[in-house]
Amino acid sequence: MLTGEKKEERGSRPDITTGGKVYPFATLKKRNDFNKLKKEGKVFKNRYMLMYIMPQKTGKQLRAGFSITKKSGKAFQRNKIRRILKEILRKVNIPFAIDVLIIIRNTIYKAGFEEVKTQVEKSLRQFFLSYR
């Protein structure tokens with residue numbers, strides 16, 4: 001390490017807004033955010049998931065939250081679904097900042113990546129068309 005460089009703490013993540021590694025979206029983690037989305041957000045249902053979507057008033061990026069019950073599978077299965085959904089949301093072009101809550105149904109394990117991707121895109125498209 002050169003002099004003058006700050007040592008990065010273990011487990012710390014760089015700030016989203018200031019340099020470093022840029023994360024395409026933030027994650028919803030607070031119970032308050034989940035409840036607000038459920039109350040005020042628009043719901044889109046399909047056979048694999050429920051999506052609650054709401055535009056942000058001040059934000060500049062997508063914020064996503066995932067709800068996957070323990071009944072739906074072991075930890076590695078739940079994490080795999082979460083990773084797949086994060087990848088899909090990274091690749092989707094979103095015109096303005098929104099909050100998304102995705103509640104998984106057990107049928108998602110039978111679906112392929114492309115099928116889940118088309119369902120997510122379809123729900124987002126419906127939201128943006130209805131929001132105009």
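Glu115 lies in helix α3, where helices (H or I, at least four residues) and strands (E, at least two) are DSSP runs numbered from the N terminus. The structure is a predicted model, in which local features need pLDDT of at least 70 and side-chain atom pairs count only at pLDDT 80 or more, whereas totals for chains, interfaces and linings use all residues. Residues are numbered from 1 along each chain as its sequence is written, and side-chain values use heavy atoms, with hydrogens and water left out.

When residues up to four places away in sequence are not counted, Glu115 touches Arg47 and Tyr48, contact being defined as heavy atoms within 4.5 Å. Glu115 and Tyr48 are 67 residues apart along the chain, and their C-alpha atoms are separated by 9.5 Å. Helix α3 also holds Gln119, which is buried at a relative accessible area of 13%. Gln119 touches Asn46, Arg47 and Tyr48, again not counting residues up to four places away in sequence. The side chains of Gln119 and Asn46 make a polar contact at 3.5 Å; such a contact is a pair of N or O atoms within 3.5 Å, of which, within protein, one must be able to donate a hydrogen and the other to accept it, while residues adjacent in sequence count only if both atoms are side-chain atoms.

The chain contains three helices and five strands, arranged from the N terminus on in the order β-α-β-β-β-α-β-α. Of its 132 residues, 36% count as buried. Among contacts in the chain with a separation of 6 or more, 76% are accounted for by residues 24 or more positions apart. The accessible surface of the chain comes to about 9500 Å², with 49% belonging to carbon and sulfur atoms; accessible areas come from the Shrake-Rupley method with a 1.4 Å probe, and for residues only the protein chains shown count as cover.

Strand β3 is largely enclosed by the rest of the structure, because six of its seven residues are buried. Strands are taken to pair if DSSP finds at least two bridges between them. Strand β2 (residues 42-45) pairs with β3 in the antiparallel sense over four bridges, Val43 standing opposite Tyr52 in β3, and a hairpin joins β2 to β3 through three residues. Strands β3 and β5 likewise run antiparallel and are joined by seven bridges, with Pro55 opposite Ile98 in β5.

Helix α2 (residues 75-91) comprises 17 residues and should span 24 Å at 1.5 Å a residue, which agrees with the 25 Å between its end C-alpha atoms; the expected span is 1.5 Å times one less than the number of residues. In α2, the residues Arg78, Ile81, Leu85, Ile88 and Leu89 are buried. These residues cover an arc of only 95° around the axis, which puts them on the same side of α2, the arc being that of the directions from the helix axis to the C-beta atoms. An α-helix has 3.6 residues a turn, so residues three or four places apart point the same way. The buried residues of α2 are covered by elements including β1 (25-27), β3 (49-55), β4 (62-67), β5 (98-104) and α3 (113-131), whereas the face of α2 turned away from its buried side carries the exposed residues Phe76, Arg83 and Lys91.

How values were computed: Buried < 20%, exposed > 50% of the residue type's maximum accessible area, 1.4 Å probe, protein only.
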